[in-house]
Amino acid sequence: MIKNICCIGAGYVGGPTMAIIAQKCPNIKVTVVDLNEERIAAWNDADVSNIPIYEPGLSEIVAESRGRNLFFSTEVDKAIDEAEMIFISVNTPTKTYGVGKGMAADLKYIELCARQIARVAKTNKIVVEKSTLPVRTASAIKDILDHTGNGVKFQILSNPEFLAEGTAVEDLLAPDRVLIGGDSSNEGQQAVQLLVDVYSNWVPKDKILTTNVWSSELSKLTANAFLAQRVSSINAMSELCEKTGADVNEVAKAIGMDSRIGSKFLKSSVGFGGSCFQKDILNLVYIAQSYGLNEVADYWEQVIIMNDHQKRRFAKNIIKTLYNTVSGKKIAFLGWAFKKDTNDTRESAAIYVADYLLSEQAKISVYDPKVNEKQILFDLDYLESRNESDNKSGVSVLENPYKVCENAHAIAVLTEWDEFKTYDWQKIYDSMLKPAFIFDGRNLLNKEKLEKIGFVYQSIGS
Ligand code: UDX
Ligand code: UDX
């Protein structure tokens, strides 16, 4: 039985996953380590509402286990040394240089972790890939460990995480399935069993699926590709709906009732974001290309092309509707996170819509209940197309949504936060320039109610 777990990477995946393991396995000591001192300090903040990741229900769970069997630390070597099982949960961004630039996953952090484990380990270890990785990464990790370790034996498992942000706690507590890939050798199967035993503390046995390592790695990329494909498919239909007079919400409902299709992931939007979909599909495309499978690569790449088109189309429509110019006009952004109930903004559609409007000299004013000014400016500064001083002068971020909308020419809804539905829309209307436009990138608000107040309301796909 495993008694001591270490997780390298205290991010959106590592943090919540380890918090649940610690909660459900009080006999296992769980230490989450990260190079980022600020992040670890935030996880250890005496006021648990200050933990660095916002997820409904997470701070309560951290409060319960922290200091008991859940620890956050920057002492990576010590945690590796003590653990029998090490989860790698560091980020694997898209490469920004060299071969595979813009497509392949950058595995430098994974390799650094492997080398660090090899250097430090004095006893046998089970290394678990939690990060989403290209197929056959496990064999590269094994190679490094076997050739640089101190005669210590390593087993590599693939255990991809399927939690979605905003619902991480629910997803971890009651997963559709847990996937564990391992080597077919006896030692490999023993390692698989030890991880199965950890999850069995709260996940029913029939939901724990074991496969070979490569099936597990590829399943994760495939799951994200299929989910993203559904969003791009319905978004493709949204444009056709706008031209034909059909309503994409009605179409989604009608097709979703077919049990073969299912009702989830059919919500048309300004485009998907998040740290995973684009990165993983690009990765899949790159892998297919590297095997010479050009049709396979093109097929999946189209999911990204459609998504980029949807974001641009949303921004262009704002400009066209505002009499073909937004120069000097105030556009209020409600929402910046890539979806509701998270403070994560990675690849959020809002960033790209803002970029487009700012390059047309719009003035943007942003309110998001969980994202602050520093993060929003960071996201824009990060884009190659933008420079810091233009961002500072073109963007304002306020903590009051009513102030954000005051004297605006238009409102753009970028995230589907529930609180937006509860606002006093009459008050907002009264404070705006007329005609007062709303571009609802999430089909969130009530069209009839808003039109009755006097808004010109446009949603996606109708
Ligand atoms: C990441 C990957 O993006 C995703 O593909 C994978 O499935 C899980 O890991 P996430 O947890 O959302 O997802 O990333 P992030 O919030 O960036 O957390 C990664 C953490 O690893 C960061 O806090 C970073 O400081 C840390 N890290 C990175 C290390 O501790 N050591 C390193 O060498 C590199
Ligand atoms: C996704 C996968 O769901 C999860 O299993 C995997 O582990 C990581 O990637 P996440 O990125 O956290 O999770 O969020 P998800 O709920 O999948 O949403 C991704 C994006 O798609 C968001 O921008 C969301 O707003 C958008 N989306 C989702 C739609 O536009 N329409 C939908 O119907 C569903």
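**Entry 1: the cavity**

I started with the largest cavity, which holds about 40 Å³ of space. I noted what the word covers: on a 1 Å grid over the protein atoms alone, a cavity is a set of points where a 1.4 Å probe fits but cannot get out. Its volume is the space filled by probe spheres set on the points, with grid points joined across faces, edges and corners.

This is a predicted model, where local features need pLDDT of at least 70 and side-chain atom pairs count only at pLDDT 80 or more, while totals for chains, interfaces and linings use all residues. Residues are numbered from 1 along each chain as its sequence is written, chains are lettered from A and ligands numbered from 1 in the order in which they are written, and side-chain values use heavy atoms, with hydrogens and water left out.

How many cavities of 30 Å³ or more does a search of the whole structure find? I found one. Its lining residues (those with an atom within 4 Å of a point) include Glu-129, Leu-133, Pro-160 and Lys-220. Helix H9, residues 213-244, gives the most to this lining, with three residues. Helices are DSSP runs of H or I with at least four residues, strands are runs of E with at least two, and both are numbered from the N terminus.

**Entry 2: ligand 1**

Next I looked at ligand 1, which has 18 residues around it; a residue counts as near if one of its heavy atoms lies within 4 Å. Val-13, Asp-34, Arg-39, Lys-279 and Arg-346 are the closest.

I then listed polar contacts, which are pairs of N or O atoms within 3.5 Å; within protein, one must be able to donate a hydrogen and the other to accept it, and residues adjacent in sequence count only if both atoms are side-chain atoms. A backbone N or O atom of Val-13 is 2.8 Å from an oxygen atom of ligand 1, and for the side chain of Arg-346 the distance is 2.7 Å. Taken alone, ligand 1 exposes 690 Å², and the protein buries 91% of that. These areas come from the Shrake-Rupley method with a 1.4 Å probe; for residues, only the protein chains shown count as cover.

**Entry 3: ligand 2**

Which residues come nearest to ligand 2? Of the 20 around it, I wrote down Phe-162, Glu-165, Ser-269, Lys-339 and Arg-442. The side chains of Ser-269 and Arg-442 each place an N or O atom 2.6 Å from an oxygen atom of ligand 2. A polar backbone atom of Glu-165 sits 2.7 Å from an oxygen atom of this ligand. On its own, ligand 2 exposes 670 Å², of which the protein buries 91%. H9 turned up again here, giving the largest share of the shell, four residues.

**Entry 4: a salt bridge and a pocket**

I counted 19 salt bridges in the whole structure, each a side-chain nitrogen of Lys or Arg within 4 Å of a carboxyl oxygen of Asp or Glu. One of them joins Arg-313 and Glu-239 (4.0 Å, N to O). Arg-313 lies in helix H12 (residues 294-321) and Glu-239 in H9, so this pair ties together parts 74 residues apart in sequence.

A pocket is an open set of points with protein on both sides within 12 Å along at least five of seven lines. H12 gives the largest share of the lining, eight residues.
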